[in-house]
Amino acid sequence: MEIKVLASGSSGNAYRISDGTTSLLLDAGIPLKAIQVGCGFKVSQIKGCFVTHNHQDHSKAAKGLMKLGVDIYTSKGTIDACGLIGHRAHPLKELQEITVGTFKVLPFDVQHDAPEPLGFLFTSEETKEKLLYFTDTYYIKYRFQGLTHIMAECNYDKETLQRSIDAGYIPIELVPRLMKSHMSLEHFLDLLKANDLHQVRQIYLLHLSNNNSDEQRFKEEVQKLTGAEVYIC
């Protein structure tokens with residue numbers, strides 16, 4: 001599985017994956033031109049773009065991609081909220097698997113303050129690899145077998161968040177929304193413990209908060225638990 005990070009964080013999220021036969025985009029939260037550059041000006045080779053939810057840091061370029069002939073796959077709630085119109089917009093339903101190129105894709109519901117947000121499980125029929133992708137959720141209620149790659153939000157940890165509150169970096173009134181919309185290191189470690197990790201080779205930690213996270217500690221904690229290669233994005 002080839003994974004390329006085009007952007008990650010509150011300013012924008014976009015990732016390109018490929019199994020050597022089919023290339024997909026995961027989220028489109030950066031300007032269209034930046035996506036074109038990140039894809040080597042070969043956007044026409046992208047078989048589809050899977051958008052998790054309607055917030056601009058995940059959906060900004062969706063309309064532009066459709067104009068370039070890229071199919072957008074997301075929930076009806078996201079399609080409506082983003083105003084995506086036309087045959088390139090494909091509504092997905094949670095836990096109803098579809099096939100795009102050589103990937104089987106299982107959408108699943110997540111917990112975020114957006115209409116019908118989704119996470120995705122990608123299984124390559126070409127390589128038999130399984131990639132779990134989710135972002136902007138504080139909890140995942142599902143369990144997965146045979147994962148080889150994980151791309152997951154790990155936005156903050158409780159200790160660093162408290163220091164940010166004490167230092168005045170984050171208003172206390174914003175904390176409840178943060179804790180109900182984003183994945184903490186503690187919840188991510190619990191998720192890892194609850195899943196089958198014996199085949200996991202690579203873990204990408206996404207969407208880290210600038211003020212409320214500790215990159216080195218996050219990487220060390222996840223490596224210690226899983227033994228996998230861990231990348232901070």
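Here is a short chat about a predicted model and how its chain is packed.

Mentor: Before we start, residues are numbered from 1 along each chain as its sequence is written. Local features need pLDDT of at least 70, side-chain atom pairs count only at pLDDT 80 or more, totals for chains, interfaces and linings use all residues, and side-chain values use heavy atoms, with hydrogens and water left out.

Trainee: What share of the 233 residues of the protein counts as buried?

Mentor: Buried means under 20% relative accessible area, exposed means over 50%, and partly exposed is in between, using a 1.4 Å probe and protein chains only. By that rule, the share of buried residues is 56%.

Trainee: Which residues of helix α7 are buried, and why do they line one face?

Mentor: Helices are DSSP runs of H or I with at least four residues, and strands are E runs of at least two, numbered from the N terminus. Looking down the axis of α7, the buried residues fall within an arc of 155° (taken from the directions from the helix axis to the C-beta atoms), so they line one face. In α7, which covers residues 185–193, the buried ones are Leu185, Phe188, Leu189, Leu191 and Leu192.

Trainee: How many disulfides does a search of the whole structure find?

Mentor: A disulfide here is a pair of cysteine sulfur atoms within 2.5 Å. For Cys82, the nearest cysteine sulfur is that of Cys49, 11 Å away. The search total is 0.

Trainee: Is Cys82 buried or exposed?

Mentor: Cys82 has a relative accessible area of 15%. That puts Cys82 in the class called buried.
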